[in-house]
Protein chains: 2
Amino acid sequence: MVETEIFRALADPTRRAIFERLARREMSVSELKAGFDVSQPAISQHLAALRGVGLVAERREGKFAYYRVDPKGLTPLVNWIDRYRTFWPARIEKLKDVLKGMDK
Amino acid sequence: MVETEIFRALADPTRRAIFERLARREMSVSELKAGFDVSQPAISQHLAALRGVGLVAERREGKFAYYRVDPKGLTPLVNWIDRYRTFWPARIEKLKDVLKGMDK
DNA sequence: TTTTCAGATAAGTCAGTACTTATATATAAG
DNA sequence: CTTATATATAAGTACTGACTTATCTGAAAA
């Protein structure tokens, strides 16, 4: 189940913090590492997890690996919430369209 | 961190399925149990977890316990997504207002 | 080519968690 | 009062997952 994987990926505070930092701008692994109190392998493992569920994308350049958020990655999460639109008015409908148009 | 707790709560497929069933209508524990292939204690434990993070609420009536979704419970999740509105236009702003007005 | 640097992978450890069965609590029914 | 039913809690187990150190791959620098 896609939702499970995405919820799981974002349930870890470190991993979510990585996602949040990447949301601001593309960064290399060592740049990212600077902000956290965990080892470099831990960062790589978190990035692999985020990449595995489509939340981030990788761009390789020489010996550097640059990671960035893949905006489409959040779509299943938004859609899941959307399924519970019965709890609030239909405003959220707009989200879907917005996300679709964002497909670049 | 509130977000972590909510993401964690919804990351478990059984627990999320319970939430989804309760989203349709209020149900007692034994009614819920009928739909799942886990023991009654497991259901109670999941409900306690969902209740602990404010995703569901309990109403006690005699020897029965009726659970329902607390719509406000999803607010932190929506707000978190909202923080990444930089990735898509400002439509999501509306959500906050909607959720606020939903405070019953 | 040898060394250094960026990053990924391997393997092991430890804590957390989803489950189980057994038991407790409390209300309702006989 | 005794028994049955609804739910919660206790305690134990097995698995998962986030971390570590050590090692591997590959590109740049010396």
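**Reading strands, surfaces and burial**

Tutor: Let us begin with one residue pair: Glu58(B) has Tyr67(B) as its bridge partner in S3(B). This is a predicted model, in which local features need pLDDT of at least 70 and side-chain atom pairs count only at pLDDT 80 or more, while totals for chains, interfaces and linings use all residues. Residues are numbered from 1 along each chain as its sequence is written, and chains are lettered from A and ligands numbered from 1 in the order in which they are written.

Student: How is a strand defined, and when do two strands pair?

Tutor: Helices (H or I, at least four residues) and strands (E, at least two) are DSSP runs, numbered from the N terminus. Two strands pair if DSSP finds at least two bridges between them. Here, S2 (residues 56–61) and S3 (residues 64–69) of chain B pair in the antiparallel sense over six bridges. These strands form a hairpin with two residues between them, and Gly62(B) in the turn has a positive phi of about 60 degrees.

Student: In which order do the strands of the chain B sheet lie?

Tutor: The order in this open sheet of three strands is S1-S3-S2, with antiparallel pairing. S1 (27–28) and S2 of chain B stand at the edges with a single partner strand each, so one side of each is left without a neighbour in the sheet. S1(B) pairs with S3(B) over two bridges, in the antiparallel sense. Met27(B) stands opposite Tyr67(B) in S3(B). As a general idea, side chains in a regular strand alternate between the two faces of the sheet.

Student: What is the bridge partner of Ala57(A) in S3(A)?

Tutor: The partner is Arg68(A). S2 (residues 56–61) and S3 (residues 64–69) of chain A also pair in the antiparallel sense over six bridges. From the N terminus on, the elements of chain A run α-α-β-α-α-β-β-α-α, which comes to six helices and three strands.

Student: Which residues come nearest to DNA strand C?

Tutor: A residue is near a strand or molecule if its C-beta atom, placed from the backbone, lies within 6 Å of it. Of the 24 residues around DNA strand C, the nearest are Ser30(A), Pro41(A), Ser44(A), Ser39(B) and Gly62(B). Helix H3 (29–34), H4 and S3 of chain A, together with H4 of chain B, are the elements that give two or more residues to this surface. H4(A) gives the most, with six residues.

Student: How does the surface near DNA strand C divide by class?

Tutor: Ala, Val, Leu, Ile, Met, Phe, Trp, Tyr, Cys and Pro count as nonpolar, Asp, Glu, Lys and Arg as charged, and the others, Gly among them, as polar. The surface near DNA strand C has ten nonpolar, ten polar and four charged residues.

Student: What surrounds DNA strand D?

Tutor: DNA strand D is surrounded by 23 residues, the closest being Ser39(A), Gly62(A), Ser28(B), Ser30(B) and Pro41(B). H4(B) gives the most to the surface near DNA strand D, with six residues. The residues of that surface divide into ten nonpolar, ten polar and three charged.

Student: Is Ala48(A) buried or exposed?

Tutor: A residue is buried if 20 or more other C-beta atoms, placed from the backbone, lie within 10 Å of its own, exposed if 12 or fewer, and partly exposed in between. Ala48(A), in helix H4 of chain A, is exposed because 11 other C-beta atoms lie within 10 Å. Buried residues make up 24% of the 104 residues in chain A.
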